Amino acid sequence: MTSSNSHSGPTPRPHRFMPSGSLTGRVRVPGDKSISHRSIMLGALAIGKTKVTGLLEGEDVLATATAMRTMGARADRIGDGAWSINGVGVGGLLQPGTALDMGNSGTSTRLLMGLIASHGITGTFTGDASLSQRPMGRVIEPLSRMGAQFHGSPDGTLPLVVEGMCPAVPIEYRLPVASAQVKSAVLLAGLNTPGITTVIEPVATRDHSERMLRGFGAELNVEELSGERIITVQGGAELHPQTIEVPGDPSSAAFFVVAGLLVEGSDLVVENVGLNPTRAGLFNVLREMGGHIEELNRRDVGGEPVADLRVKYSALTGVDIDPALAPSMIDEFPVLFVAASMASGTTTTSGLDELRVKESDRLSVMAAALSGAGAHVTEHEDGLVIEGTGGIPLRGFANSRTKTHLDHRIAMSMAVAGLASKDGVEVDDTRPIATSFPNFMTLLDRAAD
Ligand code: S3P
């Protein structure tokens, strides 16, 4: 039951990323993936028309849109990144008539499992080879406590059938892993659960669900107590349609920011970058390494802080990265490892066990990819230690290809390594890039002109 229709076609698309001249001019990265998913889901639960602009039209978000349509909502594309969503109301999701094909998207899968868990419907979730290996036990556990039942896989991986419970039982849940997906799954289930559902976060993760739920009119409270975040949501919520402008994705901006720092002579502006503090860890770490990253025109877009980032070629120095920063840059470690491999001195990372269960095992895949390109990398159980070249370009690949394991962020990170290398880097498959950044190659060509 592994889905076959993701990543635009059945044949891998290799590409050689050659050393580049300086990156200059302005690039505007597409909309934030996390916020795009949530705009569609909450729009689909509000009664009336939600208008979204700047939506990321990547495969992951399109999988969410298709799933919400299958459960009764309307989701219409009315222009470039402009969508109109007509919701069914909290409690109004319909029984899907077909399996929900989640492609490569962990966020769609885990958040939609939360939504189905408290509706009286049953959903069958399938995904591609990467998603089918990722752990779902982390959402199965709390959602089962709320009354949902899960069938189909003894080891908690897709394909899985989720049978919702209505009415569900409100729970108080302390997150055992720092995961915004698990937090969001429980909060979304709580929307249609009588009483108050509580999530306790010992370590703060991205807070887009909380911001947006409040914006749609849910009764949601956040309290800080002894360093923990206690989030409550009142069930039986009535959500009101919104007009949402999605800011640019800092996780996509990261590739251009690191490329600008590494490629000699670069002076580049990356426009409209979301700088929510729960997402902006990479930019702070790169500054600490000596990177020139200036914030221009700081403003508010859709309730999120945003700025244009001016990035200049910089000499970087290795750092020890505090594991407490990990949630605020969790998707940016692959490209941070690329920056570290060309810094002076040693960069040490730890506490990154979560990277082993992303779209690929990002510690071992990046260790292999960067070592293959001539970097000095030691892999540990929970992080990488990287001895930088001191600004000298990586050798790149003589004859081998980077194995990306269906992971978009590995492909884009190694593309950046290729730009800053001597011989270029060949990536075995660029199709997965379309999950989060469909126009990556076009923007890269334009900036590197
Ligand atoms: C996401 C949360 C993060 C992140 C993922 C998107 C979200 O995952 O890695 O790309 O939108 O909630 P975890 O919450 O599992 O760390």
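The model is a predicted one, in which local features need pLDDT of at least 70 and side-chain atom pairs count only at pLDDT 80 or more, while totals for chains, interfaces and linings use all residues. Residues are numbered from 1 along each chain as its sequence is written, and side-chain values use heavy atoms, with hydrogens and water left out.

Let us start with strand β17, residues 304-312. Helices (H or I, at least four residues) and strands (E, at least two) are DSSP runs, numbered from the N terminus. Seven of the nine residues of β17 are buried, so the strand is largely enclosed by the rest of the structure. Here buried means under 20% relative accessible area, exposed means over 50%, and partly exposed is in between (1.4 Å probe, protein chains only).

Which strands pair with β17? Two strands pair if DSSP finds at least two bridges between them. Strand β15 (residues 267-274) pairs with β17 in the antiparallel sense over six bridges, and G274 has V306 of β17 as its bridge partner. Strand β16 (residues 292-301) also pairs with β17 in the antiparallel sense, over eight bridges; I293 has its bridge partner in V311 of β17. β16 and β17 form a hairpin with two residues between them, and G302 in the turn has a positive phi of about 55 degrees.

At 26% relative accessibility, R310 counts as partly exposed. Leaving aside neighbours within four places in sequence, R310 is in contact (heavy atoms within 4.5 Å) with D267, L268, V269, H292, I293, E294 and L296. The side chains of R310 and D267 make a polar contact at 2.7 Å. A polar contact is a pair of N or O atoms within 3.5 Å; within protein, one must be able to donate a hydrogen and the other to accept it, and residues adjacent in sequence count only if both atoms are side-chain atoms.

Now turn to an open sheet of three strands, with the order β18-β20-β19 and antiparallel pairing. β18 (346-348) and β19 (376-380) stand at the edges, each with a single partner strand, so one side of each is left without a neighbour in the sheet. β19 and β20 (residues 383-387) pair over five bridges, and V377 has I386 of β20 as its bridge partner. Helix α10 (residues 362-372) packs on this sheet and touches β19 and β20; the direction of α10 makes about 160 degrees with that of β19. Helix α9 (residues 333-341) lies across β18 and β20, running at about 25 degrees to β20. For these angles, axes are lines fitted to C-alpha atoms, for helices over the stretch in contact, and angles run from 0 to 180 degrees between N-to-C directions.

Further along, T430 sits in the loop between β22 (425-427) and α12 (440-447). Is T430 buried or exposed? At 8% relative accessibility, T430 counts as buried. Leaving aside neighbours within four places in sequence, T430 is in contact with R13, H15, F17 and M441.

Finally, look at the ligand. Polar side-chain atoms of R38 and S179 lie 2.7 Å and 3.1 Å from an oxygen atom of the ligand. In the side chain of K358, an N or O atom is 2.7 Å from an oxygen atom of the ligand.
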